[in-house]
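Welcome! Open your viewer, and let's take a short walk through this model together, one selection at a time.

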Amino acid sequence: MNDKIYPSIFKMIKTFSKELGTYIAKGSPNVTEEDYKERLETCLSCPSLKRNVMRCTTCGCKVEHKAKWKTTMCPEDKWKPQDGQK
């Protein structure tokens, strides 16, 4: 079982707000269904995932949502980059 704790609530809010702003500013683009499944599979094999709530202990995000957004990246650089990302 993963006993890691999440970042502080303030850090999670800051991260989410920044990512949400970028997502909206770029027109709310989502990854393909194939990329979404690949991202989730990557998360499921990651020791930073708290599986019972599907939340990343590195960034605190709900991976089921974050994995859909084309403008987001894994905080541990485990997802392949999408068009328009650094």
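Start by selecting M54, which sits in the loop between strand 1 (49–50) and strand 2 (55–56). Helices and strands here are DSSP runs (helices are H or I with at least four residues, strands are E with at least two), numbered from the N terminus. Before going further, please note that this is a predicted model: local features need pLDDT of at least 70, side-chain atom pairs count only at pLDDT 80 or more, and totals for chains, interfaces and linings use all residues. Residues are numbered from 1 along each chain as its sequence is written, and side-chain values use heavy atoms, with hydrogens and water left out.

Back to M54: its phi is near 50 degrees, a positive value in a residue other than glycine. Most residues other than glycine have a negative phi. M54 is buried, with a relative accessible area of 15%. On this tour, buried means under 20% relative accessible area, exposed means over 50%, and partly exposed is in between (1.4 Å probe, protein chains only).

Next, select S28, in the loop between helix 1 and helix 2 (33–44). S28 is not a glycine either, yet its phi is positive, at about 60 degrees. Is S28 buried or partly exposed? With 33% relative accessibility, S28 counts as partly exposed.

Now show R55 and Y6 together. R55 lies over the face of Y6, 5.7 Å from the ring centre. For a charge to sit over a ring, NZ of Lys or CZ of Arg must be within 6 Å of the ring centre and within 35 degrees of the ring normal.

The last stop is about aromatic rings. How many aromatic pairs does a search of the whole structure find? The search finds two. Rings of Phe, Tyr and Trp (its six-membered ring) pair if their centres lie within 6.5 Å; planes under 30 degrees apart count as stacked, over 60 as edge-to-face and the rest as tilted.

Select F16 and W69 to see a tilted pair, 6.0 Å centre to centre with 40 degrees between the planes. This pair links distant parts of the chain: F16 is in helix 1 (residues 9–25) and W69 is in the segment after helix 3 (63–66), 53 residues apart. F16 is partly exposed, at 41% relative accessible area, while W69 is buried, at 13%.

Y23, in helix 1, is 46 residues from W69, and both Y23 and W69 are buried. Finally, display F16, Y23 and W69 at once: ring pairs link them into a cluster.
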